[in-house]
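Dear colleague,

Please find below the structure I promised to pass on, together with its sequence. My notes on it follow directly after.

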Amino acid sequence: MNIKSGLGAMCTSILKSTIYSAFLYLILLTIASLLLWLTPLPEGASLFLGMGSLCVASLLAGMFGGYHFKKRGFFYGLIYAIILLGILFLIYSIFFHTMAFSLGGSLKYLLCLACGSIGGMIAVNR
């Protein structure tokens, strides 16, 4: 296997998974916003809808990682989920001009990392 083509294929897979997962996250957040706007759901549900959207996007990113490497799905799903969360965090900090990252907020992201790992395991065993 050529190292250059292997590295290029990996970078392409990471880029593709990040774009698809971020696009899915955007679509799910739009649907969640419409649900909150058009239905009598309480505003407190926005946290759960947002975390659910992020978990589904992380699951998809993890599935890309597991599908691409076809081994060690737990590890590669976790790596792809970390990359997705890092890019979304950078986009957030660019638009809102803050780098706030609290411990309480970071504990919620462990669920997203777990979803990425589960996605990787599902893709490997598929």
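Among contacts in the protein chain between residues at least 6 apart in sequence, 78% link residues at least 24 apart. Please bear in mind that this is a predicted model.

As to the overall architecture, the protein chain holds 4 helices and 0 strands, and its pattern along the sequence reads α-α-α-α. The C-alpha trace extends over about 55 × 35 × 25 Å along its principal axes. The protein chain has 126 residues, of which 30% count as buried. Its accessible surface amounts to about 8,200 Å², and carbon and sulfur atoms account for 76% of that area.

Helix 2 covers residues 45-69 and helix 3 covers residues 73-96. The two pack at an angle of about 135°, and their axes lie 7 Å apart. Because of that angle, helix 2 is oblique to helix 3. The crossing of these two helices is right-handed.

On the side of helix 2, the contact is formed by Leu-54, Ala-57, Ser-58, Ala-61, Gly-62, Phe-64, Gly-65, His-68 and Phe-69. Helix 3 contributes Tyr-76, Gly-77, Tyr-80, Ala-81, Leu-84, Leu-85 and Leu-88.

With kind regards

Terms used
Residues numbered from 1 in each chain as written. Predicted model: local features only at pLDDT ≥ 70, side-chain atom pairs only at ≥ 80, totals over all residues. Heavy atoms only, no water. Axes fitted to C-alpha atoms, helices over the stretch in contact; angles between N-to-C directions. Parallel < 35°, antiparallel > 145°, perpendicular 65-115°, else oblique. Left-handed = near helix turned anticlockwise from the far one by under 90°. Contact = heavy atoms within 4.5 Å. Buried < 20%, exposed > 50% of the residue type's maximum accessible area, 1.4 Å probe, protein only. Areas by Shrake-Rupley, 256 points an atom, 1.4 Å probe, with all protein chains shown as cover.
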